[in-house]
Amino acid sequence: MNGWPGKPETVKLSKSKKFYITTPIYYVNDRPHIGHAYTTIAADMLARYHRLQGDEVTFLTGTDENAQKTVDAAAKSGENVKAYTDRLADIWKSTWDKLDISNTDFIRTTEERHIRVVQEIWKRIWDNGDIYKGKYEGLYCNGHEAFMKETDLVDGICPDHKTKPEWIVEENYFFNLKKYEKDLLKFYEDNPDFVTPVNRLNEVKSFVQQGLENISVSREKQKWGIPVPSDPKHVIYVWFDALINYISAVGIDGWIEHPADIHTVGKDIIRFHAVIWPAMLLSAKLPLPRQIMTNGFFTIDGIKISKSLGNAIDPVELVDKYGVDALRYFLLREIPYGEDGDFSETKFRERYNGELANGLGNFAARVLTLACKYDNLPRLLNLPTVLSESLAKTRQLVARHMDRFKFHETLEEIWELVSIGDAYMDSQKPWEKGDHRNTVAELTIFLLNIGEILEPFLPSTAEEIEKCITLTDPVIKVQKGKILFPRL
Ligand code: MSP
């Protein structure tokens, strides 16, 4: 039996809908910090939400390994590059496991399946006449793994990495990006949802309108990387290689059949995804992704996360201290998606105590404690109007907010249900003398619904709630379970 009052009937489609979502692939020059965790958790929440709708979800994440900074980091730790990347890739994988990330695949750009597809796409773009050989003279920032303009620098220094870009003079292959200016602008016009939030799309448009320059897509002096087909003394530029991961994981035919629905990316890498990537795909005559969903950046106690300041918080430490769902909750609830925000442990603890321990956790404990007083509860067919209507309304609002990527508002709505449940309980006083089986059954079913709505956000809490409540044919059986969010 899987239905219960308040739960909408699942639409049985003859064939489930496919949904393909990706995170950026992460550089392995460092361990994951909380900023990386944020992008990945947001993608995971959407993947889970779509799974709950019955969609067949492909959820991809992975590591971007063919960068010069990989080589530098390996040298620094005294390992050979292969051993180093293997070790780091494992750290990224286990971090995502710890954060309950439900990815269906993990791609590493040193894998054979990736290298093959990158070279194939290079050939397609070459055959289309969009790659030519030229001389590159200019500045390269290793931190960004990108070519920079003088105007990007402050006193000759990269403002993001505080390092002096290298002046490079070498023979490079170039991609004819300029050729796609008009096609891109038309594409943005025809697809106003291509980049969200919309202000980001406007930035992209005006960037393209100002005129594009062709970009260098190979490095002559770098050894680590994917060789250029037919000229293997050059390696393919790391960004050209990295973007293709989205195809290599599903195969070219897989991508043609169903390109990504959503690429989640941070605001720092929008141009790569919204300008260069679609141009590469247009040139290779492959379909474009449906949407680039962008998140803002957050600071820690008001300060930019940076390796040199040593203020990067390891998400695993937070999980060990507060539990995985507390971290997922805080990040999605505190920072309106798309905007910049701030992380502070003080705010984290405030939300934890107020909204998790005293809010949801306390409500669940009250309900389950009462329920355990009875051997079993009646399996009701309906809920009282206050409860059933608030559930129906919340489900609608959740769907609307999720469509607009208003994740923090979604959580706010769900917490409204907790207050409604608490108020209902207070009005019925089921702790007083007498038989309150019906009321307690209503509250139990209500809690079960909250758990189900919460699953994409707080998967282990949802599972914990579900584990406590067993629905059998005529009755409901309840066990108390563990405290969801112990007070700090
Ligand atoms: N390897 C490239 C992406 C290639 S995708 C084809 C890269 N990697 S990264 O490891 O440097 O960063 C990946 C992403 O982490 C950023 O785009 C961003 O989404 C996220 N974040 C890193 N720091 C962050 C914050 N401080 N705040 C929010 N997100 C942050 O770029």
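1. Start with one residue. Ser 216 touches Tyr 136, Phe 147, Asn 172, Tyr 173, Phe 174 and Tyr 237, leaving aside residues up to four places away in sequence. Keep in mind that this is a predicted model. Ser 216 sits in strand S8, residues 215-216.

2. Is Ser 216 buried or exposed? Its relative accessible area is 3%, so Ser 216 is buried. The side chain of Ser 216 has a polar contact with the side chain of Asn 172, at 2.6 Å. Asn 172 is also among the residues that Ser 216 touches.

3. Now the overall division. The chain splits into domain 1 (18-304) and domain 2 (345-478). Eleven residues from domain 1 and twelve residues from domain 2 take part in the contact. The C-alpha centres of domain 1 and domain 2 are 41 Å apart.

4. Next, the area of the interface. The size of an interface is often given as the accessible area lost when the parts come together. Between domain 1 and domain 2, about 1000 Å² is buried. Carbon and sulfur atoms give 74% of that area. Which three residues supply more than any other three of the area that domain 1 buries against domain 2? They are Met 45, Arg 48 and Tyr 49, with 52%.

5. Polar links across the interface come next. The rule finds one salt bridge between domain 1 and domain 2. It also finds one residue pair in polar contact across this interface, both residues at pLDDT 80 or more. On the side of domain 1 that touches domain 2, helix H1 (residues 34-52) gives the largest share, five residues. The residues of that side divide into six nonpolar, two polar and three charged.

6. Side chains of opposite charge can pair when their charged atoms come close. Arg 48 forms a salt bridge with Glu 455, with the closest N and O atoms 2.9 Å apart. Arg 48 also forms a salt bridge with Asp 44, again with closest N and O atoms 2.9 Å apart. Arg 48 and Asp 44 are four residues apart in helix H1, so about one helical turn separates them. Arg 48 counts as buried because its relative accessibility is 12%. Asp 44 counts as buried too, because its value is 0%.

7. Other salt bridges are worth a look. The structure holds 37 of them. Asp 340 and Lys 267 meet through their side chains at 2.9 Å, N to O. This pair links distant parts of the chain, 73 residues apart. Asp 340 lies in the loop between helix H12 (324-334) and strand S16 (341-343). Lys 267 lies in the loop between strand S12 (262-266) and helix H10 (270-283). At 44% relative accessibility, Asp 340 is partly exposed. Lys 267 is partly exposed at 31%.

8. Another such pair joins two helices. The side chains of Glu 345 and Lys 321 form a salt bridge at 2.7 Å, N to O. Glu 345 belongs to helix H13 (residues 345-371) and Lys 321 to helix H11 (residues 315-322), 24 residues apart. Glu 345 is partly exposed, with 27% relative accessible area. Lys 321, at 53%, is exposed.

9. Last, a network. Salt bridges link Glu 334, Asp 342, Lys 347, Arg 351 and Glu 355.

Key
Residues are numbered from 1 along each chain as its sequence is written. This is a predicted model: local features need pLDDT of at least 70, side-chain atom pairs count only at pLDDT 80 or more; totals for chains, interfaces and linings use all residues. Side-chain values use heavy atoms; hydrogens and water are left out. Domain bounds come from an automatic or database domain assignment. Contact means heavy atoms within 4.5 Å. Buried area is the accessible area (1.4 Å probe) that two parts lose on being put together, summed over both. A salt bridge is a side-chain nitrogen of Lys or Arg within 4 Å of a carboxyl oxygen of Asp or Glu. A polar contact is a pair of N or O atoms within 3.5 Å; within protein, one must be able to donate a hydrogen and the other to accept it, and residues adjacent in sequence count only if both atoms are side-chain atoms. Ala, Val, Leu, Ile, Met, Phe, Trp, Tyr, Cys and Pro count as nonpolar, Asp, Glu, Lys and Arg as charged, and the others, Gly among them, as polar. Buried means under 20% relative accessible area, exposed over 50%, partly exposed in between (1.4 Å probe, protein chains only).
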